[in-house]
Amino acid sequence: MTVLDRARTFISRRGRQEPVDEKAVAQRFFERLEVGDVEGAMALTTPDGEFQAVALGVKGTIGGEGQELLEELRRALPDVTLQVTRLFAGHEGTAVAEVFVDGTQADDLFGIVNQEKHVDVKTVWLLHVTDGRIDGIRAYWCQNQLYRRLGVKRLDRVTITA
Amino acid sequence: MSATDVVTGFFEAYRNHDTEQMVDLCDLGADFSYVPFEAWGRQRVVRGDGKVCTIGKTVWTTLIDSFPNLSNEVTWITGDDDGNVAVEVVISGTQAKAFGAIGNQGLHYDLPHVFLFHVNEDDRIDDITAYWDTADWNRQLGRIEVD
């Protein structure tokens with residue numbers, strides 16, 4: 001086992017040194033989110049890990065700003081599907097996931113008034129995994145695409161749709 | 001040469017505005033997708049999807065023409081053993097000509113991007129997918145209409 005490989009292992013509950021499978025952790029994270037189990041998704045993370053939603057300018061912790069954002073997403077898009085369309089893990093322990101987000105708005109989302117419109121947006125999530133837990137999240141998407149689909153006409157009037 | 005080396009060379013060529021070299025680093029049939037590019041017409045939506053040698057080169061050339069000091073700074077890069085590479089890169093430039101619906105106001109932008117690449121066994125890029133936030137880009141360039 002190389003030094004790099006050894007660094008990507010963790011001690012399991014059975015006391016064994018197990019390889020970290022970043023892709024499996026990421027896959028479980030999105031599966032939990034899709035069924036509305038934000039708490040279950042959070043259980044896969046380190047709450048004080050760094051969280052960033054680049055398009056929203058949100059920076060904070062996974063257990064703080066991250067959890068709030070994911071709960072808002074679930075509340076606003078209760079029928080959301082999260083289809084992981086590409087998933088790989090880089091050598092330094094980051095799972096890179098392209099996720100197709102699809103749903104119907106049922107509540108205000110990131111300041112956008114609910115008009116019950118349909119959303120379909122491609123996103124990218126960079127999930128850094130240490131010892132089998134996600135301890136860093138950076139998410140990218142195009143907020144302009146979200147605005148367009150949800151009926152926002154001007155960037156200076158995001159909360160006004162007429 | 002590793003896949004990350006190939007991609008690092010791609011962004012170096014981009015900084016040098018060497019679109020021929022950018023294309024040379026890619027497979028002839030390389031796929032290209034700039035996800036946020038969408039032009040909504042009455043009948044259809046035109047997207048930034050196609051091939052590097054057609055859509056990709058045209059987009060890069062047009063961007064460099066509209067933003068003559070276009071540059072990039074790679075802030076993070078990772079890859080796996082299967083040729084997949086992800087890059088966080090800040091692309092910046094000062095507008096000198098209209099770009100699509102974005103009229104020229106001579107403004108500067110710095111915009112975070114994520115690029116996903118696949119590099120094949122011949123050390124050629126055969127897939128490029130990019131993400132950024134067009135709302136942020138528009139704001140920085142003085143455009144407030146969503147579409």
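Author: On a 1 Å grid over the protein atoms alone, a cavity is a set of points where a 1.4 Å probe fits but cannot get out, while a pocket is an open set with protein on both sides within 12 Å along at least five of seven lines, and lining residues have an atom within 4 Å of a point. Grid points are joined across faces, edges and corners, and a volume is the space filled by probe spheres set on the points. This is a predicted model, in which local features need pLDDT of at least 70 and side-chain atom pairs count only at pLDDT 80 or more, whereas totals for chains, interfaces and linings use all residues. Residues are numbered from 1 along each chain as its sequence is written, chains are lettered from A and ligands numbered from 1 in the order in which they are written, and side-chain values use heavy atoms, with hydrogens and water left out.

Reader: What volume does the largest cavity have?

Author: A search of the whole structure finds 2 cavities of 30 Å³ or more. The volume of the largest cavity is about 160 Å³.

Reader: Which element gives the most to the lining of the largest cavity?

Author: The lining has 15 residues, and those nearest the centre are A:L73, A:V101, A:F110, A:T123 and A:W141. Elements here are DSSP runs numbered from the N terminus, helices being H or I with at least four residues and strands E with at least two. Two or more lining residues come from each of α2 (22-34), α4 (62-76), β6 (94-104) and β7 (118-130) of chain A, and the most, 4 residues, come from β7(A).

Reader: How many residues of the lining of the second largest cavity are nonpolar?

Author: The second largest cavity holds about 100 Å³ of space, and the residues that line it include B:Y14, B:F37, B:H113 and B:W137. Ala, Val, Leu, Ile, Met, Phe, Trp, Tyr, Cys and Pro count as nonpolar, Asp, Glu, Lys and Arg as charged, and the others, Gly among them, as polar. By these classes the lining has no charged residues and 1 polar residue, and the nonpolar ones number 11.

Reader: Which three residues supply 24% of the area that chain A buries against chain B?

Author: Buried area is the accessible area (1.4 Å probe) that two parts lose on being put together, summed over both. Chain A and chain B bury about 2700 Å² between them, with 56% of it on carbon and sulfur atoms. On the side of chain A, the three residues that supply 24%, more than any other three, are A:F88, A:R148 and A:L155.
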